[in-house]
Amino acid sequence: MDNQYDVIVVGAGNGGLVAAATTAKSGLKTLLLEKNNLPGGCASSFVRGRFEFEPSLHELCSVGTEEEPDQVTEIFNNLGVKIEWQRDNILFRTIVKGENGYDVRVKAGIEDFCDSLEAAVPGCRESVHSLFDVEKINEAAVAYNDKKKGKPNILKMLIKYTDFIRSSSHSVEEMMDALGIPEKAQNIINTYWSYLGVPTDELNAFHFLLMVNSYVKDGVVIPHYRSHELAIALAEAVQRFGGDIWYNSEVTQFLFNEKGAVCGVETNGRKLYAKEVISNIIPHSVYNLSEQRHIPQIALKLANARSFGLSMMTAYIGLDCTKEELGISDYTIFVASDANPRRQFDNRKKDLLYIVNCLNVIIPDCSPEGTCMLFVTVPWLGSDFPALLKPQDYRKYRTDFIRDYIEDFEKLMNIDIQSHIEEIEYATPATFARYLGTPEGTAYGYAVTKWDSVMARNTAKEKTKIPGLSFCGGHGINGDGFSCAYVTGDMVAKEIIKKLEK
């Protein structure tokens, strides 16, 4: 069979890059295919005028420190990838407008984090500290089960001995209620919900706890040279280990053998074959590029039952003044009209919910001297985007949409942004759909809900498995996010290496 590889990886996003580098390092003949002319997917950058903008990364979790490296650093170290990390000990500033609003800065480090919450909500420190105490979380999960069921249930022993199952069976708010965390303190901590794209009354507690613990322990961590630094370093690793990367090579079909197993792909009119195929593109897209008779009904049903995660409406702004002249001293500022995550999500179309990042706070030289950059990000579903918007009206729609948020932030902070704008670029769900190739432009894959949790995805993995095909990336079993994508890429690659070695 011509064009034979051990492994073909489809998509040079974060997960695909790690997967390809890992299989190539093991000695497997590896080909990485990417439809764009650069690696990275969301992990990229672009230039407008004299500014280089970061498209999507706010911060990374699971990085750790040099002394105590976490999963992401361990993966990068294993691949010989060195990144210049920048850090900040202020996790975020959250501003909720209105009569019962607040303005709170939250610090990194478990004790400082708890002190920040105690200053904002006196008397909450002990209950907040229990978020980092596994035994108390275990006890709370047991108590919640007993209270809800009226009697011990069959999961009680599993809950007693298995941290994973304990927190995976509840939403964030159920867990925090059981721990006795006051509502205001919950809302401040749950500011992070938009990073995972699901309100905390529905968001899986285990997934949320992993992220919060990592951010609190490590602080804000970002690469000095945007996430493009991450993508380029991983792409170089693929090639250093002998793997091939083909850019401008969009996969147009997944190929199956007579036994119904994936055996290759078609790109640029060529059929390429492999023993294993790893997809960094979302299952919906893979199924649309496959003969339907080969896709198990249970896999189709699962895909159709899932909800797509958030996309974004984003403005990338280059300003002709410094952050000091502008009056900004915080890297990340969350702004909401309501403190409750569920109401924030449900009322996102009429209330202004957004995030403002100033990269210069952490990386002073990220823009030319005398300038600074702001990223204004609005959590938005692809289905929120006007379905009947005419092409000729698109530019005006996105400009008017973002202007409302810029003006709101100017008024809130008593600063002037608009008269200092030197460069501005926009991204909408349509932008992400075109670049990432995801349904509704989702950058978050599938929403990590209570029923579609990390535990549920692991349980369903074998039932929905298509022979010869594996998935990695933000839509994978570990959920969305850069860090999760790296972890799934590493995990899937190692599974395939073990399989092929046999």
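Predicted model: local features only at pLDDT ≥ 70, side-chain atom pairs only at ≥ 80, totals over all residues.

Val 7 counts as buried, because its relative accessibility is 0%; buried means under 20% relative accessible area, exposed over 50%, and partly exposed in between, with a 1.4 Å probe and protein chains only. This valine sits in strand E1, residues 4-10. Helices (H or I, at least four residues) and strands (E, at least two) are DSSP runs, numbered from the N terminus. What does Val 7 touch, leaving aside its neighbours within four places in sequence? Its contacts, meaning heavy atoms within 4.5 Å, include Thr 23, Leu 28 and Leu 31, and also Ala 274, Ile 278, Ile 496 and Leu 500. From Val 7 to Ala 20, 13 residues apart in sequence, the C-alpha to C-alpha distance is 8.1 Å.

Residues are numbered from 1 along each chain as its sequence is written, and side-chain values use heavy atoms, with hydrogens and water left out.

Two loop residues come next. Thr 428 is found between strand E17 (421-427) and helix H18 (429-436). Is Thr 428 buried or exposed? It counts as buried, because its relative accessibility is 1%. Leaving aside neighbours within four places in sequence, Thr 428 is in contact with Met 312, Met 313, Phe 385, Tyr 394 and Arg 398. Gly 109, in the loop between strand E7 (102-107) and helix H3 (110-120), is partly exposed, with a relative accessible area of 23%. Its C-alpha atom is separated by 33 Å from that of Leu 381, which is 272 residues away along the chain.

I turn to one helix. Helix H8, residues 172-179, has 6 of its 8 residues buried, so it is largely enclosed by the rest of the structure. The buried residues of H8 are Val 172, Glu 173, Glu 174, Met 175, Met 176 and Leu 179. After H8 comes Gly 180, with a positive phi near 80 degrees.

Now the protein as a whole. Its secondary structure comes to 20 helices and 18 strands. The radius of gyration is 23 Å, which agrees with the value near 23 Å for a compact globule of 502 residues; the radius is taken over C-alpha atoms, and the globule rule is 2.2 Å times the number of residues to the power 0.38. Along the principal axes, the C-alpha atoms fill a box of roughly 70 × 65 × 50 Å. Of the 502 residues, 60% are buried. Among contacts with a separation of 6 or more, 72% are between residues 24 or more positions apart.

On a 1 Å grid over the protein atoms alone, a cavity is a set of points where a 1.4 Å probe fits but cannot get out, and a pocket is an open set with protein on both sides within 12 Å along at least five of seven lines; lining residues have an atom within 4 Å of a point. Grid points are joined across faces, edges and corners, and a volume is the space filled by probe spheres set on the points.

The second largest pocket has a volume of about 500 Å³. Of its 25 lining residues, the closest to the centre are Lys 461, Thr 464, Lys 465, Phe 471 and Ile 477. Which element gives the most to this lining? That is H20, with 5 residues. The lining divides into 13 nonpolar, 4 polar and 8 charged residues, where Ala, Val, Leu, Ile, Met, Phe, Trp, Tyr, Cys and Pro count as nonpolar, Asp, Glu, Lys and Arg as charged, and the others, Gly among them, as polar.

There are 5 cavities of 30 Å³ or more. The largest has a volume of about 90 Å³, and Thr 191, Phe 334, Ala 336, Gln 344 and Leu 353 lie nearest its centre among 15 lining residues. Strand E14 (332-336) is one of the elements that give two or more residues to this lining, and its 3 residues are the largest share. The lining of the largest cavity holds 9 nonpolar, 6 polar and no charged residues. The second largest cavity, with about 70 Å³ of space, has a lining of 6 nonpolar, 3 polar and 2 charged residues; among them are Glu 54, His 58, Arg 226 and Tyr 331.
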